Amino acid sequence: MICPVCGTPDVIFDSERAQYVCGSKGIVIEENIADLGPEWRNFEDETMRIRAGPPVTFTVHTEGFGTIVGTGNWTRKQKLRTLQNKSRVSSRERKKVTYLTSLNRIAGKLNLPRPVRETAGMIVKILVEAGLAKRVDPDALTVAVLHYACRVHRVPLRLQDLEKLYEIEEKEVWNATQKVTQAARKLNLTPKLSPAEYVPSIANKLGLPGEVMIKSMEIVNLLFQSGGTSGKDPAKISAAAVYLVSTIMDVKKTQKEVSEALNITEVAVRGGYRDIVEKLDIDVVM
């Protein structure tokens, strides 16, 4: 910065007074400067530089806001920490804490990305505050929330796999899914997952070349655009498309291999295969 008075670059910023001062003449060039830098003040230990706190997150019931009593052996601090821990969660928010704890546990086991967890946390908040979580199995609700959040962020995760993994009845999950859909509408969240996004994982499990994966995705996208996948399990449609393309390109995998890769029945693969052939009018020469 050049001093407008003497024309020298000897300009000093006085952080205490928020002023620019000419180092040669001592003249105040500009004052009341807003410091846009980070605040590193730490009242516990001045030798440690920390920021204000963690970012906002919907994976905890406080959303990242709150005051935590500092560490130390001071008797008053210990008493304050004990009192804070007892009063931190109100009776109204205990249900939210229960759901979020379950959500984080399952999401961690499935290694789901952070955006999926945050969206799921937002949905849980609406479910509890709107009273939609009443008379719903907690595990079923958590599974339904995570599945919906995965669809929003285009992460292929089958609801049937979650049901088997956590031994939840399909009826309970269906009931929870209806409630989750209502809550998601309040947040204007809509699923963006295309059935074709299940194809890469299926092709990789079967060790198929990239050409098979690309052609399978094209077929599933044609069905999706024409409404041919409406009301059907997208993973099963994708598996049938992979089986069809592998047959056409002479890198055929058996129906048993395809069904085992996705943990579905051979009947489902066979039915999806016939459906695709009929709707797209494909002639397959065996």
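## The paired strands

Strands E1 (residues 11-14) and E2 (residues 19-22) run antiparallel and are joined by four bridges. Strands here are DSSP runs of at least two residues and helices (H or I) runs of at least four, numbered from the N terminus; two strands pair if DSSP finds at least two bridges between them. Across from Val21 in E2 stands Ile12.

E2 also pairs with strand E3 (residues 28-30), again antiparallel, over two bridges. Val21 has Val28 as its bridge partner in E3. Five residues lie between the strands of the E2 and E3 hairpin, where Gly26 takes a positive phi near 75°.

## The aromatic pair

How many aromatic pairs does the structure hold? There is one: Tyr243 and Tyr273, edge-to-face, at 5.3 Å centre to centre with 70° between the planes. Ring centres (Phe, Tyr, or the six-membered ring of Trp) must lie within 6.5 Å to pair, with planes under 30 degrees apart counted as stacked, over 60 as edge-to-face and the rest as tilted.

The pair links distant parts of the chain, since Tyr243 sits in helix H9 and Tyr273 in helix H11 (residues 266-280), 30 residues apart. Both Tyr243 and Tyr273 are buried (under 20% relative accessible area; exposed is over 50%, partly exposed in between, with a 1.4 Å probe and protein chains only).

## Thr247 in H9

Helix H9 (residues 234-248) also holds Thr247, which counts as buried because its relative accessibility is 13%. A polar atom of the Thr247 side chain lies 2.8 Å from the backbone oxygen of Tyr243.

## About the model

This is a predicted model, in which local features need pLDDT of at least 70 and side-chain atom pairs count only at pLDDT 80 or more, while totals for chains, interfaces and linings use all residues. Residues are numbered from 1 along each chain as its sequence is written, and side-chain values use heavy atoms, leaving out hydrogens and water.

Key. A polar contact is a pair of N or O atoms within 3.5 Å; within protein, one must be able to donate a hydrogen and the other to accept it, and residues adjacent in sequence count only if both atoms are side-chain atoms.
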